[in-house]
Amino acid sequence: MKYQILTLFFIVSSLSNSIFAQEWSLAKEKNGVKVYTRKIEGWGIKEYKAEMTVKSSFWDVVKTLKDVRSRSEWLHNTIEIREIGASEKDLVTIYTKVDAPWPVADRDNITRFAFSYPSANRAHIKMTILKSHEKAPIYSGVVRVERLQGHWIIQDKGNGYVSVVQQCVAEPGGSLPDWVVNSAVVDTPLQSMSNLKTYLEKG
């Protein structure tokens, strides 16, 4: 009887996990960049994972992700980007405004990037959303993204190659048509990562 109960428990647990966090599904691939998506519990929009391998040095990748000014070179559909708040060695707070296709309102967000180094060849960058900041008030006609969770993982693969992975889910707020949501989840990270790959490998 005890065995049957344990078996039933593991079956129910497996079903629950598959419902609450589905397996990753490859959504699109381009220029060596792959974007996967999955549905997770508690979010109305899919989570994405974008990954690639770049010919660069580990510290050049980390330095680029810390450099706010360079983000305008590779972030897709970005109208405005600037660092706000006090600058710290491993903590960067960035205001970003994203161009949305008409008639959808533009979106903006305030995101804090916290860099940590679990090992000599690995970096973890935690992304935390801020709902407000004195240097980034709510602007008329722009919708503030107030819910986001995500991170970057940078891994030195050796021989001049680095693995770059970004994983993120965000609620864009407001009412959006499906094609805009799909673009935000798949096409935007795909293009941004492709741009980042080109930026790193040319320099």
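Mentor: Let's start with a term: a pocket is an open set of points on a 1 Å grid over the protein atoms alone, where a 1.4 Å probe fits and protein lies on both sides within 12 Å along at least five of seven lines; lining residues have an atom within 4 Å of a point. The model is predicted, so local features need pLDDT of at least 70 and side-chain atom pairs 80 or more, while totals for chains, interfaces and linings use all residues. Residues are numbered from 1 along each chain, and side-chain values use heavy atoms, without hydrogens or water.

Trainee: Which element gives the most to the lining of the second largest pocket?

Mentor: Happy to look! Ser56, Asp60, Lys63, Thr64, Asp67, Ser70, Tyr199, Leu200 and Gly203 line that pocket. Two elements (DSSP runs numbered from the N terminus: helices H or I of at least four residues, strands E of at least two) each give two or more residues, namely helix 2 (58-66) and helix 4. With 3 residues, the most comes from helix 2.

Trainee: And which element gives the largest share of the lining of the largest pocket?

Mentor: The largest pocket has 40 lining residues, with Tyr48, Val98, Asn109, Ala184 and Thr188 nearest its centre. Among the elements that give two or more residues are helix 3 (71-74), strand 6 (106-119) and helix 4 (178-202). The largest share, 8 residues, belongs to helix 4.

Trainee: The search finds 4 aromatic pairs. Why is the pair of Trp59 and Tyr117 tilted?

Mentor: Rings of Phe, Tyr and Trp (its six-membered ring) pair when their centres lie within 6.5 Å; planes under 30 degrees apart are stacked, over 60 edge-to-face, the rest tilted. Here the centres are 5.5 Å apart and the planes stand at 45°, so Trp59 and Tyr117 count as tilted.

Trainee: Is Trp59 buried or exposed?

Mentor: Buried means under 20% relative accessible area, exposed over 50%, and partly exposed in between (1.4 Å probe, protein chains only). Tyr117, at 29%, is partly exposed. Trp59 has 51% relative accessibility, so Trp59 counts as exposed.
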